[in-house]
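Entries follow in the order I looked things up.

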Amino acid sequence: MRQTLHDITTKLEELGHTVTCAESCTGGLLAAELTQLPGSSGWFNMGYVTYSNQAKQHLLNVNEVTLRHYGAVSEECVREMALGALIDAKADYALSISGIAGPTGGSAEKPVGTVWFGLATKQRIWAKQHLFKGDRDVIRAQAVEYALRFLRHYLYR
């Protein structure tokens with residue numbers, strides 16, 4: 001993961017761009033990773049930990065109808081989370097994560113380990129889903145790594 005982070009921060013510095021994040025199931029782990037390297041204030045200004053639906057609505061302008069109809073662990077929700085963070089932070093990129101880290105909370109439709117990721121730029125919003133295996137800590141760590149790889153892929157396309 002260290003190389004992925006190095007690649008991201010090198011490109012952000014080169015472009016003079018910033019990134020923000022909107023997290024639910026990872027509870028701030030992505031922000032912690034993005035600020036791990038010295039000089040991170042040059043590419044990271046703020047992040048959002050929006051664990052509850054109320055926080056997603058209040059801080060990121062996620063629509064109540066989206067949450068009611070699709071749920072917090074959905075493509076629609078992570079798209080709105082990423083866009084809300086991008087706009088509020090005035091960043092160039094915004095990563096969002098919402099999932100079910102377990103050990104409870106899963107269903108047949110959305111089992112434990114289901115995580116949705118969003119990536120917003122000023123031009124477009126992408127969303128991806130992944131199903132991780134493991135306990136809560138493993139799922140959360142894998143989600144952070146996946147989100148960083150998602151951003152690196154975009155930056156180096």
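Entry 1, pairing of β3. I started at E23 and found it opposite I97 in β3. This is a predicted model, and I read the pairing with that in mind. β1 and β3 run parallel and share 5 bridges. On the β4 side, β3 pairs in the antiparallel sense over 6 bridges. There I noted S96, whose bridge partner in β4 is G118.

Entry 2, burial of β3. How many of the residues of β3 are buried? I counted 7 of 7, so β3 is mostly covered by the definition of under 20% relative accessible area. In a regular strand the side chains alternate between the two faces of the sheet. I therefore listed the faces separately, and both are covered, the cut-off again being under 20% relative accessible area. Y93, L95, I97 and G99 lie on one side, with A94, S96 and S98 on the other.

I traced an open sheet of 5 strands in the order β2-β1-β3-β4-β5, with mixed pairing. Its edge strands are β2 (44-49) and β5 (125-131), each of which pairs on one side only. On average, neighbouring strands are turned by 15° against each other, direction ignored. I then went back to β1 (residues 19-23), which runs parallel to β2 and is joined to it by 4 bridges. E23 turned up here too, standing opposite V49 in β2.

Which residues have the most contacts inside the largest nonpolar core? They are L30 and F117, in a core of 31 residues. I checked which elements supply at least two residues each: α1 (2-15), β1, α2 (29-34), β3, β4 and α6. α6 gives the most, with 10 residues. I then listed the contacts of F117, leaving aside neighbours within four places in sequence; among them are V78, I97, W126, F132, Y146 and F150. A second, separate core has 19 residues, including A22, C77, M81 and A91.

In α3 (residues 53-60) I found A55, K56 and L60 buried. They lie on the same side of α3 because they cover an arc of only 100° around the axis. The face turned away from this buried side carries Q54 and H58, both exposed. The buried residues pack against β1, β2, α4 (64-70), α5 and β3. Just after α3, I noted N61 with a positive phi of about 60°.

How many disulfides does a search of the whole structure find? I got 0. C25 is in no disulfide, and the nearest cysteine sulfur, that of C77, is 11 Å away. Is C25 buried or exposed? C25 counts as buried, at 2% relative accessibility. C77 is buried as well, with a relative accessible area of 0%.

Terms used. Residues are numbered from 1 along each chain as its sequence is written. This is a predicted model: local features need pLDDT of at least 70, side-chain atom pairs count only at pLDDT 80 or more; totals for chains, interfaces and linings use all residues. Side-chain values use heavy atoms; hydrogens and water are left out. Two strands pair if DSSP finds at least two bridges between them. Axes are lines fitted to C-alpha atoms, for helices over the stretch in contact, and angles run from 0 to 180 degrees between N-to-C directions. A nonpolar core is a set of buried Ala, Val, Leu, Ile, Met, Phe, Trp, Tyr and Cys residues joined through side-chain atoms within 4.5 Å. Buried means under 20% relative accessible area, exposed over 50%, partly exposed in between (1.4 Å probe, protein chains only). Contact means heavy atoms within 4.5 Å. The arc is that of the directions from the helix axis to the C-beta atoms. A disulfide is a pair of cysteine sulfur atoms within 2.5 Å.
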